[in-house]
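Thank you all for coming; I would like to walk you slowly through one structure this morning.

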Amino acid sequence: MSESRVRQGGLSPSDPPLQDQFEKCHAVTAENTAEVQELPVVDEASPSSASSFEMVDMEPVPAPYQKVQPHWFFSRQADDNVDWFPFSREDSEKLENACNSEEEEVVVAVDGERYDIHVKERKRYAVYWEQAPAEVRRCTWFYRGDKDTRFIPYSEQFSNSLEEAYMKAVTKDEWKKKLEFPTGETIILHNPKLIMQYQPMGFQEDWVSSPSEHTRPRTVKRGVENTFVEVPDGEPEKVDHLVFMVHGIGPACDLRFRSIIQCVNDFRSATLSLLSTHYKQSQQDGMVGRVEFLPVNWHSALHGDATGVDADIQRITLPSISRLRHFTNDTLLDLFFYNSPTYCQTIVDTVASEINRLHTLFKQRHPEFSGEVSVVGHSLGSLILFDMLTNQRISVEPTKEPLLEASSHQGCDTLHQALTKLGLQQFLPTLQAENLDLDSLALCQDNDLKDLGIPLGPRKKILNYVKRKCLSEDCKVAATRLGPGALNPPQDSSGSEVDGDQLSKSARQPTQLHRAQSITSAVDYEYFNVGIGQVSVEYPQLAFRPQTFFAFGSPIGMFLTVRGLKRIDPNYTFPTCKSFYNIYHPFDPVAYRIEPMIVPEVDLEPMLIPHHKGRKRMHLELKDSLTRMGMDLKNNVLGSLRTAWQSLSRLPVAALPPVEAGETAIVETPQETQGVCDEPDMSGSAEEKDQSQIKVGMLNGGRRIDYVLQEKPIESFNEYLFAIQSHLCYWESEDAALLLLKEIYDKLDVAFDQPQQ
């Protein structure tokens, strides 16, 4: 039997027959069975004749036979090999109970209900994403070769045959038995703790007299408890919060070229570990369950057969440096696709539809879930979420969104219908008194409605509705997402306003309109009081209102600046999301800050994210200590020089007559000046201590927005060397994961077991 076949579980379907006690879980036909021969072991096969035998103590009194406790495993394809991983004990027990049931087909949800196990079929299916089915086994016997790093389970039929022979050996106290299988493999039962497997080496010759002349033996273990396999802990059933994670450019999310699914799995595991350490008491009290993280994959939809963009790009790609060009086409071009009107629409539609699909499916599988939902975006994914959240509508409930879309495309006949849909029918008499209808309302500016006494909120709703829903289809093609400046009456070259006919003509010339005013926008800059942007996109609506938006390594600030946005209004908030965190690594070449665009007049350092074990890293504390020491030394030297200069400058004054009492302030002025000079140092330390209390706009509810991770000691030696890794480090960052958990559970009034230092 070859090496590859053994790694995949032992024998072919023509394995030995099963005992009656195992027929409940395994069906084997009698026609394809073969007998296992039991032969006494020759002297040459003693344990001392093989170099890889394990030396164990011999038990003089045989222990009574005890039935082996099975454990369930699932397979995972890794390159050319198949690795096996255990289920948690809770999931394994559920699978074992389902296997012993009398039902024809049983489906068991495992791994936080992210996978379904078809027990009779022995297959593992993903629920939320596309993934090939994986094999599942009920495992009792395992083996490990010299080059294997872990024990590998045998197939169920092979394990049942070994268990039958083991039971006979224990019951009759007959050891040193040799089991020969039709495939040429040989198992020797030396004693209960020493069982070895020998593989055939090609074709066996007649002169081969003992198994020791075969290939090197393998160690065989019975039961998962003897294999040193780490069985994972089960996940809590209660879900406190749901988080959707959107990836950036390319199909790979880290330096190991793993997919978004694998990276999110690691991030989820990190949060489970942090919950068990930082919220241990709350978990024991039943206050904390877990946070579910689900991946959102949009790259495959963009580069799939539906768009055909890969084939189009391949036709124009040069043949030289093919690998580099393939990498560029598969990753970096996503940035250009997002700035394309056609493919940007595909990207945002895919992200929104995938998030809504996952949200609906999660609610179906967790009907008891009543928590909030947040979103996380990495790199370009954060920009996609930022644009989507900026263009969400707050006047309509999310559940009514499809109805609104259907009705709005049927046309808006009257002003009364439009105001009724917006819930602003109380302003109908005011607008009718001015003989305003939808056509004339489209020509109004914000100041016009303000003069009529309409408050700010209703004004924005009315103008936004007219802009998006009541323009003609030609105007939508020309400029679907016009900024507020585009609603102003256009002017000709002389500066005078054009009439309605000229306006309709200009609407029929989208190319000139785009070139002249550059008013198409991927972000609704109405909230920023800016009418400039990138492409014409109709942004879909989410089926829920996110609680918090986390951006990892985000280029949002750079893209907004390139679009012409110089400042974000401090009073601006997302229409449906009230919290926003911009998290980045200090060496991340793609990350940009947000706070300087809100408060450019204030120089604020970003908030330092504490280490998940508390305080700062050692090298950062040493760096700060040296900086403070240098500042203190500088201040002391300057203070000494200042005192010496003051003493020299006062020498001639000592010979003069005493000054008046009112003039004593002149002598005290240097001391006062010194006190004023020393004050910024004290205020600086106080400012650094109270930075978290500074109010930075309303984008995060008045709290700080920019949060920076602490670099590792090895990264501080050369920031250029770790630049790319810094952009991909967030999926495995426990510090970032802990910040997410803290933000989520702070809003649930659940704090750390111990406060951070």
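I will start with the whole chain, go on to its strands, and finish with some helices and loops.

First, a word on how to read this: it is a predicted model, in which local features need pLDDT of at least 70 and side-chain atom pairs count only at pLDDT 80 or more, while totals for chains, interfaces and linings use all residues. Residues are numbered from 1 along each chain as its sequence is written, and side-chain values use heavy atoms, with hydrogens and water left out.

The chain holds 25 helices and 20 strands, where helices (H or I, at least four residues) and strands (E, at least two) are DSSP runs, numbered from the N terminus. Of its 757 residues, 45% count as buried; buried means under 20% relative accessible area, exposed means over 50%, and partly exposed is in between, with a 1.4 Å probe and protein chains only. The accessible surface of the chain comes to about 40000 Å², and carbon and sulfur atoms account for 53% of it; such areas come from the Shrake-Rupley method with a 1.4 Å probe, and for residues only the protein chains shown count as cover. If we take the contacts (heavy atoms within 4.5 Å) with a separation of 6 or more, 71% of them are between residues 24 or more positions apart.

Now to the strands. In what order do the seven strands of the open sheet lie? The order is S15-S14-S16-S17-S18-S20-S19, and the pairing is parallel. Strand S15 (290-296) and strand S19 (607-608) are the edge strands, each of which pairs on one side only. Two strands pair, by the definition used here, if DSSP finds at least two bridges between them. Helix H4, residues 260-278, packs on this sheet and touches S14, S15 and strand S17 (548-552), and its direction makes about 170 degrees with that of S15; these angles run from 0 to 180 degrees between N-to-C directions, and axes are lines fitted to C-alpha atoms, for helices over the stretch in contact.

Let us follow the sheet strand by strand. Strand S14 (residues 239-246) pairs in the parallel sense with strand S16 (residues 372-378) over six bridges, and the partner of Val243 in S16 is Ser374. From S17, five bridges lead on to strand S18 (residues 579-584), which runs parallel to S17, and here Phe552 has Ile583 as its bridge partner. How many residues of S17 are buried? Five of its five residues are: Thr548, Phe550 and Phe552 point one way from the strand, whereas Phe549 and Ala551 point the other way.

Elsewhere there is antiparallel pairing to look at. Strand S2 (residues 71-78) is joined by four bridges to strand S7 (residues 134-139), and these two run antiparallel, with His71 opposite Cys139. S2 also pairs with strand S3 (residues 81-86) in the antiparallel sense, over six bridges, and Phe74 stands opposite Phe85 there. The hairpin of S2 and S3 has two residues between the strands, and in it Asp79 takes a positive phi near 55 degrees.

Next, a pair of helices. Two packed helices are described by the angle between their axes and the distance between the axes. The axes of H8 and helix H10 (residues 380-390) come within 11 Å and cross at roughly 15 degrees, and the two helices are therefore roughly parallel to each other, a term that covers angles under 35 degrees. The contact is made by Asp334, Leu335 and Tyr338 of H8 and by Leu380, Leu383, Ile384 and Asp387 of H10.

Two loop residues also deserve a look. Asp173, in the loop between helix H3 (156-172) and strand S10 (177-180), has a positive phi near 55 degrees and is partly exposed, with a relative accessible area of 43%. Ile321, in the loop between helix H7 (309-316) and helix H8 (322-338), has a positive phi near 35 degrees and is exposed, at 52%.

Finally, Leu739 lies in helix H25 (residues 734-746) and is buried, with a relative accessible area of 13%. Leaving aside its neighbours within four places in sequence, Leu739 is in contact with Ile583, Ile609 and Tyr707.

Note on methods: Parallel < 35°, antiparallel > 145°, perpendicular 65-115°, else oblique.
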